[in-house]
Amino acid sequence: MLKQSDPQIYKLIKDEEKRQREVLEMIPSENYTSKEVLEALGTVLNNKYSEGYPKKRYYQGNAVADEVEILAEERAKKLFGVPYVNVQALSGSAMNLAVYIALLEPLKGKIMGLALSFGGHLTHGQPQSATGRFFKSVLYTLGKDNLLDFDAIEKQALKEKPDIIVCGFTAYPRIIDFEKFGQIADKVGAYLLADVSHIAGLIAAGVHPSPVPYAHIVTTTTHKTLRGPRGALIMVTDKGFKKDPELSKKIDAAIIPGLQGGPHDNQTAAIAVSLKEAATPAFKKYSAHIVKNSQKLAQELIKYDFDLVGGGSDNHLILIDLSKKQVNGAVAALALEIAGIVVNKNGVPNDTMPPFYPSGIRLGTPAITTRGMKTPEMVSIARWINEAIEESKKYQLPSEKLARREAFKKIKSDIKNNKKLKNIFLKVKEMTSKFPLS
Ligand SMILES: Cc1ncc(COP(=O)(O)O)c(C=O)c1O
């Protein structure tokens with residue numbers, strides 16, 4: 001037993017369990033997966049090497065691994081309504097890189113994705129990422145209202161002629177019009193890649209429109225709203241096969257030998273378990289509640305005069321621009337953590353601050369909805385967020401770079417003793433204790 005053989009790691013796991021139980025986990029890309037998913041992860045499937053694909057492996061002894069992988073593929077195909085899926089990408093970043101390896105010539109092929117500071121992901125062609133270093137990339141931004149500006153995106157696509165347009169984002173709180181993206185991609189002859197990592201669960205449950213009729217390729221992580229283990233799916237649609245009948249072969253080859261070695265069979269099994277769960281009526285209900293909670297929370301925050309990017313939320317996440325409140329996002333995230341509300345600091349469109357000290361925070365409802373919280377709890381959470389942000393106003397950061405770094409260090413140590421924030425945590429704990437984790 002781990003408790004006896006490695007008490008240090010055992011204790012750390014128990015500490016993390018306690019933390020996850022006590023706090024309001026509101027990072028929108030996180031969730032509490034089921035015990036069954038965790039059970040599948042911790043099995044002997046971890047011990048096997050299965051390089052290759054079902055029935056075409058480089059190693060012997062893969063009859064069971066083949067069945068596991070085929071089951072995961074079949075469940076994903078059915079859930080999302082696609083003819084092909086690869087379940088081997090080890091996580092989201094590898095999944096997108098594999099798509100670019102499959103379709104683009106290094107240093108020549110061009111990606112057009114949303115800029116990071118406007119809610120795009122690093123792997124959508126940002127210059128800091130391999131996806132922007134090994135391929136050409138151009139970035140689009142949002143319109144003045146911080147919403148997608150399809151006229152501007154079309155104009156830029158016509159000028160830049162990208163090979164792949166990426167839609168699906170990491171900090172966009174509104175519905176994505178995949179049909180419009182599809183029309184633009186078709187007009188310029190580009191592939192449309194919809195990376196629905198954040199909203200895959202909502203799509204599976206039918207509470208967000210699906211990109212499947214409009215995109216050629218759909219990618220998603222499995223551990224966010226889909227509530228599975230860490231992992232990823234790369235899907236090819238009928239439209240994708242019409243454009244390129246070899247698409248699935250290219251993607252398979254991009255994963256192995258292009259990018260990875262053996263798949264993580266225990267992870268594949270856990271993905272299969274989560275896909276079965278995601279096909280249930282209970283999951284549909286859960287996903288509808290994620291959105292309901294997010295919208296209620298947004299409404300309540302607006303009452304406290306918070307400035308929500310995009311004006312509100314249609315999905316699972318809310319992006320708050322704290323400039324008007326004169327609180328830095330990094331300080332706010334620290335303060336909220338002391339108050340037991342775990343969110344992440346985040347850039348906002350046209351942010352004048354650097355990524356480590358951005359002007360906003362990003363929060364979401366997938367994990368707290370898994371615990372069974374509903375709209376009455378959102379009213380209390382908004383009140384506590386407001387109290388914590390008001391309290392944060394006393395922790396101001398200077399604008400000079402070095403002084404700011406020193407001030408932040410001091411804030412980090414001082415804020416731990418803030419009585420008001422610690423008091424909020426007591427109330428949070430009282431609430432979370434009523435919503436036990438299964
Ligand atoms: C839209 C999007 N794509 C890809 C990823 C990358 O996933 P991972 O962190 O598993 O590499 C993320 C992660 O946050 C994401 O939000």
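Student: What separates the centres of domain 1 and domain 2, and how is that taken?

Tutor: The centres lie 29 Å apart, taken over C-alpha atoms. Domain 1 covers 39-278 and domain 2 covers 281-432, with bounds from an automatic or database domain assignment. This is a predicted model, where local features need pLDDT of at least 70, side-chain atom pairs count only at pLDDT 80 or more, and totals for chains, interfaces and linings use all residues. Residues are numbered from 1 along each chain as its sequence is written.

Student: How many residues does the contact take from each domain?

Tutor: Domain 1 gives 22 residues and domain 2 gives 23 residues; a contact needs C-beta atoms, placed from the backbone, within 7 Å. On the side of domain 1 that touches domain 2, the elements giving two or more residues are α9 (200-204) and α12 (265-278). Helices here are DSSP runs (H or I, at least four residues), numbered from the N terminus.

Student: Why are α5 and α11 called oblique to each other?

Tutor: Their axes, lines fitted to C-alpha atoms over the stretch in contact, with angles running from 0 to 180 degrees between N-to-C directions, cross at roughly 120° and come within 8 Å. Under 35 degrees counts as roughly parallel, over 145 as roughly antiparallel, 65 to 115 as roughly perpendicular, and the rest as oblique. The pair α5 and α11 is therefore oblique.

Student: Which residues of α5 and α11 make the contact?

Tutor: From α5 come Ala-98, Val-99, Ile-101, Ala-102 and Leu-103, and from α11 come Lys-250, Ile-251, Ala-254 and Ile-255.

Key: Contact = placed C-beta atoms within 7 Å.
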